[in-house]
Amino acid sequence: TETKWFWSKIQDEFRGGKINVEKTQKLLEKLDVQCNTIHVKHIFKDNDRLKQGRITIEEFRAIYRTIVHRQEIIEIFNAYSENRKILLENNLVQFLTQEQYAVEMSRTIAIEIIQKYEPIDEVRRERQMSFEGFARYMDSPECLLFKHECKRVYQDMTHPLNDYFISSSHNTYLISDQLVGPSDIWGYVSALVKGCRCLEIDCWDGAQNEPVVYHGYTLTSKLLFKTVIQAINKYAFMTSDYPVVLSLENHCSPSQQEVLADHLQTIFGESLLADILDDYPDKLPSPEALKFKILVKNKKIGTLKETHERKGSDKRGKVEEWEEPDDEEEEDEFKDSTASDNFSLKDNQDKETEVKKAISSKLFKKKKTRKLKIALALSDLVIYTKAEKFRSFQHSRLYQQFNENNSIGESRARKLSKLKVQEFILHTRKFITRIYPKATRADSSNFNPQEFWNIGCQMVALNFQTAGLPMDLQNGKFLDNGASGYILKPQFLRDAQSNFNPNIIRDGNPTTLTIRLISGIQLPLNSASSNKADTSVIIEVFGVPNDQTKQQTRVIKKNAFSPRWNETFTFIIHVPELALIRFVVENQGLITGNEFLGQYTIPFLCMNKGYRRVPLFSRLGESLEPASLFVYVWYIQ
């Protein structure tokens, strides 16, 4: 039946004789075979015996079998087929339960799979599956590594905002480097389309009373603030329904701040959150309560109650002064940390003495401050995301309000996380904390976001325009929860009773993850001249320091089309809730060193068990379909 089916599908194409490589590609697509053009060209060349650029029907069949009849799939099929020709419905049910861990409804699933993937009519009618159908099922989205249930929003979205990791970008308007590169609307559009929920807008006074967006004091080009807001308005909720926070880096004079406020209100209209929600006068609302809302993050004068009472009044020309400690005091956390070092999480009775100490140290220590002028119209648009300078954990415990957020530079945050990890976690349980790249990263490079997720920082802001490991981790982490840009933090980073410390191994059973890396499928090629790359795969775990590890396969020489490793790797994972697994495919070069071919990063808890395909992505995050790895995954949780 298979042979008959195959000939009936293709013979028409050969009525006029032999076919060329373009027709071969089209015919493969017609047969539902995913293939990479460069790989097809090489396989075509290998099978074109007369080397005239045209092949016979027999040669086409050989090409088809090379691509579809992969040895590793045949082996699995034969293990479950009683006659090595056909899978009965029961055989498929057995495969699904034993190998793919489809515990519930496996019979219903089996019937659906046969209906969907079996191309031969008479086999399908008998509720059976040929190898052709099985191969198509194994290549289908249903066998991808990523769990289907994580593709939708499945987490509880009614916790307060500070209970979530929030996808965040730094200097969103830049599309290359920080000093002379172009500023571009595309920076905002692409970040939003990737599910980013916190954007940064650097605002400066512009000509004709129109504020502009660019990286101040540098040669980066300028965008009109108005244009940026129009683009955000258009794309804000295309990928996710959940709130977008606009982090304003505000350098405008009061009169142009009023223009900012005016544009925000006119362009966003009802989407702009400009007053407290009735149910949340004194606590942060949830992503659910803020669906389709835009929040402004900026300095704010006065209280939420005062803002509420001023609603509807004329604020033109009204300017307030804001005083804050100057940057030089950034390090006071370390200079005068004795009071807070003795702070114990359980023991809170000496809070009063702490307050007194804090106040007395303030009296004796004249701090440098700077004054900023803020237009009331803009200040009043700041509700639940008030930017507040971070002074110390001690100061925050005593004075910080529920709606005040801190931004901490990566170097300072790294020091704090080393010296006072428990206090840092206590802080991120209550307050939204944003971490941003240090200023010396003029090339827009990124830091590893994992170390800050490990301590519960909600907004770890990366340069989305810069490809590489940090953005791979960012993109991988936020695939979870329907790529909505919000991921509920694990219980131990939310619960006040928890004494979690990422540097200490937790009691309890670690999870053992086993990955058998079976083969590569049409791996990406960096040059069209050859498909003979020397390929190897690295599997890395990112998470708490103790889980951080990597293992590597041997190199398979001169085969990027179908390398077979068949190697098994075991990883011990202590904190699965924070772990990401990253697959990297490399071409081993003797002279030039190893060349990156593709990668895939996935949260450990989003991994399916069983035989799975790992789709590969380019350095820039673009899909390289059908390039993938074929693996068998197993773990007990």
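**A chat about the chain**

Guide: Let's start inside: leaving out residues up to four places away in sequence, L264 touches F225, I229, L246, L248, G269, L272, V296, L378 and L381. Touching, or contact, means heavy atoms within 4.5 Å.

Visitor: Before we go on, what kind of model is this?
Guide: This is a predicted model, where local features need pLDDT of at least 70 and side-chain atom pairs count only at pLDDT 80 or more, while totals for chains, interfaces and linings use all residues. Residues are numbered from 1 along each chain as its sequence is written, and side-chain values use heavy atoms, with hydrogens and water left out.

Visitor: Okay, back to L264. Which residues touch the most other members of the largest nonpolar core?
Guide: L264 is one of them, along with I201, I232 and L246, in a core of 61 residues. The most comes from helix α12 (residues 254-268), which gives five residues. A nonpolar core here is a set of buried Ala, Val, Leu, Ile, Met, Phe, Trp, Tyr and Cys residues joined through side-chain atoms within 4.5 Å.

Visitor: And what's in the second core?
Guide: That separate core has 50 residues, including L31, V40, F60 and I76. In soluble globular proteins, nonpolar side chains tend to be buried together.

Visitor: How much of the chain is buried?
Guide: Buried residues make up 55% of the 637 residues. Buried means under 20% relative accessible area, exposed means over 50%, and partly exposed is in between (1.4 Å probe, protein chains only).

Visitor: How many helices and strands are there?
Guide: There are 23 helices and 23 strands. Those are DSSP runs numbered from the N terminus: helices are H or I with at least four residues, and strands are E with at least two.

Visitor: What does the C-alpha trace span?
Guide: Along its principal axes, about 90 × 60 × 55 Å. Also, of the contacts with a separation of 6 or more, 72% are between residues 24 or more positions apart.

Visitor: What happens at the start of α3?
Guide: A side-chain oxygen of N36 reaches to within 2.8 Å of the backbone nitrogen of I38 there.

Visitor: Why does H39 count as buried?
Guide: Because its relative accessibility is 0%. Apart from residues up to four places away in sequence, H39 touches Q522, L523, L525, N531, A560 and F561.

Visitor: New topic: where is R516?
Guide: R516 sits in strand β16 (residues 511-521). R516 counts as partly exposed because its relative accessibility is 26%.

Visitor: What does R516 contact?
Guide: Setting aside neighbours within four places in sequence, R516 is in contact with N566, E567, T568, Y611, F630, V631 and Y632. With N566 there's a polar contact of 2.9 Å between the side chains. A polar contact is a pair of N or O atoms within 3.5 Å; within protein, one must be able to donate a hydrogen and the other to accept it, and residues adjacent in sequence count only if both atoms are side-chain atoms.

Visitor: Last one: is S618 in a loop or a strand?
Guide: S618 is in the loop between β22 (610-617) and β23 (623-635). S618 counts as buried because its relative accessibility is 13%.
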